[in-house]
Amino acid sequence: MKVYLLSFMFLFAVLLGGCVDYQDASGTVSLQVAITPPSELTGAINLEGISVSASSNGKQITALTDDKGVATFSGLVPEVYDISTSWEITAQQYNVATGRSDQPGGAIISGNQNAYSVFDNSNVTLSTNIISSSLVIGKIYYAGSKDINNRNYLPGRYFEIYNQSASAIDVSGLYIGLVESESTPAYTLDNIREEFADSVVLLKQVFRIPTTAPFYLSSGGSVLITNSAIDHTSNSTFENDLTGADFEAKDASGRTVNNPDISPLSLIYTIYPSISNMNLLQSGPTGIVIFRTQISVENLPKVYKYGTARGSQWLVLPKRYIIDGVDVVRNKTTGATLADKRLSADIDGGIIHLNTTTGYTGEVLVRKVLRRENGRILLQDTNNSSNDFQTSTTIKIRNYEE
Amino acid sequence: MKSKLLIIVLLSHSVVLWSNTPRQNILDLGNYMFFDAVRLWKNTNNAAGLSLDSLVHLGQSAINFGHRGGNFYKVQEGTRQNQFSFVSDQYQPVGKKLYGYGKFEFETGRIQERAWSDVFRSYNTNPYFTGSAIPGRYDYQNILLTASLATLPMGNFRYGMKVNYLLGDLSRLRDPRTRSNLLEYQLIPSVVYSLGENSPHHIGLNGYYKRRKEKIPNITTVQTDPSMQYYFMSGMENALGVASGFNGYNREWVDHRFGAELAYSYRIPHYYMLTTIGLEWGEESVYGTYKYEPGKYYGYRYHLHSQHRIFSSGNKIHQLDFQAQMQQDYADEYRQELTVSADPLTGYNSYHYHTILTLKKRYQVQTFETSAHYRLNITDQTSSRIDSYLGMKTTFVWMQNKYLLHTSYRKHNFMNVMLEAGKFLLNNRLKIDGHGLYHRALSTSQHLADNTTDYATQVLIPDLDYYGAHYWNGRMNISLQLPVTWKKHSSMIYITTFADYLRASTRQHSHRVGISLGLLH
């Protein structure tokens, strides 16, 4: 009996040695990011000391480049990272590097690499571009809120276009495009690459600031555009008094209260037969682009959903006319996904979304303040909404700081 | 509630004291305790050994009410609990060649002020569960069925089969309202080989497959608060809170496990011994919408159980049990990407998550528990029943939860020393038994890579006080049993009340009270 018992004890000891080896658990890795300057910068340019960031799950870590323009991240958690960089160069540096003087305020150089999988020690080359936008989309309020009766309240939504430049800009004739926003993309970026060589954006609605008279936007000023230019503050603390809005998308059906004193936006195109104002989805996606062109936008091509020949048709806008775009996607319980991107990286290198999955939280997407210059605010524009935008429930209209 | 229980107890006591019915020779709690002590194979998964233990026809049925309260509890346990259950089991020969055991258990209850876990298992288990930070009321209902069948000896072999079946329902009664459905079943074929017709040596072997599926198909809300957060856990303090995260939510946990157990039994008239070692391994998949997987959980369990019964001096049974079990689990964490593809012919969209990154063994669970239990049972000289007992048990437990990149961990080990005793009084009408236990937290340590997360501040850090506390615990059971005859069939009914009190070094306490009404048959 003792033999049997001892055998059992021995077997158990062997089992206790463990079937699991914890030593092969994943460990940290390193990432080296080499910056390549824009092709326009043919002259000498210093790439040392530039901040490169790697972001994942809302957390961001940064590293500085060495004299070769290489930033090294050590002790990195294996993850899927959005890698980006941006830095400013002065007008003089721009002149030295390009031989041109068309950027009197200097320029921003920016580069993005989204969803880069870092599983082992890795090296990546980050190409960059010169970003020079005078007009940017500064703020988008599409979430709506709950009113004092805890009911959904959507009429107070708006967005703003901000003038970054040092001089006033006539924004009359500027087009506003609302990007296609089906629950599954009508065209994925791969489909656009396949059929249009990555050269277009699909729009569901297009509006235009009237050309009947110039509308000068002062330096550091905002154009406020809304569906309902009334005072919404009595309905919810998240809402604003929009009676001072610059333009209003009129609701032909009369369901939304409009302000006859506010200039109407011109409706150029809509896929919705019964919706004449801006169809901003409270949970997203709600991408917006602003563009200028001399061609007849109404006559631009239209397409059905990829692979179909019936149903709604989206307007196909060549990207080269776009001044600025923001890729607003829907947040999900599994996290916002790049699979929902509608805008290619050269328009918006990232994505932005609400903290909620459903809207009605009073959240507004606000472009971050870069700095103050000569009394006006310069907003951050690295061509990457993931870095450039933040959410807020307290920032009000025409303000960009808490 | 407590006053009503007291009235019931006093009334039942007075009925017994006034009764002049002579006690008949029918099985009672003492007999049940005796057969419980000497039947060793029932404490294993090997059903074939049941016919080695005993072929007695015995069972009991009872309804139980219980209440738990106090302020010494972990965050995910809830503050109070009321429970009702009905249990019935029976050992009996089946035909001429089989011996069987069956058990049915139904329990229902309500847990108050529970938070941060909407699933059945919250500790030392799969880290990919979900929950709300808002304390709420939970109702649960579980049904457990167990059936075992063993053959009488067929040559030197005995064969057996055991089936376990568990249905569970856990519902949260406050926004966000989850409802978790559980189904678990286990099939355990077994065999016992005797080394000769009258040999004292027996070798047993069983294997099993266990499948467990828990599912929360959706979450409903009565209020419409879009800012209400729902949390998705991934190990230690890592819990992602998503506003309105309950919208479009669905998740299921599917666990497949295999196991094997080897047993050796030595049985002579004055000494019974049964030692088993076992191994279990399996993996649990977690699925969300479109089969999204946050990760996969792997588990290994090992156990050793050695039981000894020494019969001496005609009326003493020395009961000695050693147990050791070890758990080694880990979770691989995934990073997945959603691809949407449209079929140009049908226009249908296909959604598919594929894994682009795997973080191996990012979450690890290790536990070890060992115990030694000695009990001296004094039996009735004239029948197979236990009249009184005295015992002692020591337990040592070590556990560790760890999350890598960046490293967070909690380590905890403790020891329990328990003294127990029980005796039948008043012509075996009254049984009083109980235990006193001292729990000593030997060491508790916790390091969190980020101690500012909601899960860290509201669960892990408060629970550390619980793990680090020493406490005293005492429990007393009082049972009254009396014979009843119905249609010429005699049985024994009993009423048991119990009270359990725990006092911790943190000046917190918890208590449990309950009452059972049962029938032996």
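**Figure 1. A buried asparagine in a loop of chain A.** Asn384(A) is buried, its relative accessible area being 2%. In this predicted model, Asn384(A) belongs to the loop that runs between β27 (376-379) and α4 (385-388) of chain A. When residues up to four places away in sequence are not counted, Asn384(A) touches Ser84(A), Asn112(A), Asn114(A), Asp348(A), Gly349(A) and Gly350(A).

**Figure 2. The interface of chain A and chain B.** The size of an interface is often given as the accessible area lost when the parts come together. Here, chain A and chain B bury about 4,400 Å² between them, and carbon and sulfur atoms account for 68% of this area. Chain A contributes 49 residues to the contact and chain B contributes 57 residues. Across this interface, 14 residue pairs are in polar contact, both residues being at pLDDT 80 or more. On the side of chain A that touches chain B, α1 (2-16), β5 (79-89) and β6 (107-118) each supply at least two residues. The largest share of that side, 8 residues, is provided by α1(A).

**Figure 3. Salt bridges of Asp24(A) to chain B.** The interface of chain A and chain B holds 3 salt bridges. One of them pairs the side chains of Lys361(B) and Asp24(A), with a distance of 2.5 Å from N to O. Asp24(A) also forms a salt bridge with Lys360(B), where the closest N and O atoms are 3.5 Å apart. Asp24(A) is located in the loop between α1 and β1 (29-36) of chain A, while Lys360(B) is located in strand β16 (residues 349-379) of chain B, so this pair joins two chains. Asp24(A) has a relative accessible area of 33% and is therefore partly exposed. Lys360(B), with a relative accessible area of 34%, is likewise partly exposed.

**Figure 4. Salt bridges within a single chain.** Over all chains, the count comes to 45 salt bridges. Within chain A, Arg371(A) and Glu373(A) form one of these, with their closest N and O atoms 2.8 Å apart. Arg371(A) is partly exposed at a relative accessible area of 28%, and Glu373(A) is partly exposed at 24%. Within chain B, the side chains of Arg301(B) and Asp329(B) meet in a salt bridge of 2.7 Å from N to O. This pair links distant parts of the chain, 28 residues apart: Arg301(B) is in strand β14 (residues 295-312) and Asp329(B) is in strand β15 (residues 316-342) of chain B. Arg301(B) counts as partly exposed at 26% relative accessibility, whereas Asp329(B) counts as buried at 0%. Elsewhere in chain B, a network of salt bridges links Asp28(B), Asp380(B), Arg385(B), Asp387(B) and Lys423(B).

Figure 5. Phe86(B), Phe104(B), Leu145(B), Tyr165(B) and Leu167(B) make up a nonpolar patch on the surface, and together they have about 380 Å² of accessible area. Leu145(B), a member of this patch, is part of strand β5 (residues 136-151) of chain B. Its relative accessibility is 37%, so Leu145(B) counts as partly exposed. Leu149(B) is also found in strand β5 of chain B and is partly exposed, with a relative accessible area of 38%. Apart from its neighbours within four places in sequence, Leu149(B) is in contact with Ala47(B), Val94(B), Leu98(B), Tyr99(B), Gly100(B), Tyr159(B), Gly160(B) and Met161(B). The C-alpha atoms of Leu149(B) and Pro93(B) are separated by 9.3 Å, although these residues are 56 residues apart along the chain.

Figure 6. Most residues other than glycine have a negative phi, and most peptide bonds are trans. The peptide bond from Gly284(A) to Pro285(A) is cis, with omega near -5°. Pro285(A) is placed in the loop between β20 (266-270) and β21 (288-291) of chain A. In chain B, Asp175(B) and Pro176(B) are joined by a cis peptide bond with omega about -15°, and Pro176(B) lies in the loop between β6 (157-172) and β7 (177-194). Asn124(B), which is not a glycine, has a positive phi of about 50°. Asn124(B) sits in the loop between β3 (98-114) and β4 (130-131) of chain B and counts as buried at 19% relative accessibility, the cut-off being under 20%. Asn428(B) likewise has a positive phi, near 65°. The loop between β18 (408-425) and β19 (430-447) of chain B contains Asn428(B), which is buried with a relative accessible area of 15%.

Conventions: Residues are numbered from 1 along each chain as its sequence is written. Chains are lettered from A and ligands numbered from 1 in the order in which they are written. This is a predicted model: local features need pLDDT of at least 70, side-chain atom pairs count only at pLDDT 80 or more; totals for chains, interfaces and linings use all residues. Side-chain values use heavy atoms; hydrogens and water are left out. Patches are made of residues with over 30% relative accessible area and no salt bridge: like charges are joined within 9 Å, nonpolar side chains (Val, Leu, Ile, Met, Phe, Trp, Tyr) within 5 Å. Accessible areas come from the Shrake-Rupley method with a 1.4 Å probe; for residues, only the protein chains shown count as cover. A salt bridge is a side-chain nitrogen of Lys or Arg within 4 Å of a carboxyl oxygen of Asp or Glu. Helices (H or I, at least four residues) and strands (E, at least two) are DSSP runs, numbered from the N terminus. Buried means under 20% relative accessible area, exposed over 50%, partly exposed in between (1.4 Å probe, protein chains only). Contact means heavy atoms within 4.5 Å. Buried area is the accessible area (1.4 Å probe) that two parts lose on being put together, summed over both. A polar contact is a pair of N or O atoms within 3.5 Å; within protein, one must be able to donate a hydrogen and the other to accept it, and residues adjacent in sequence count only if both atoms are side-chain atoms.
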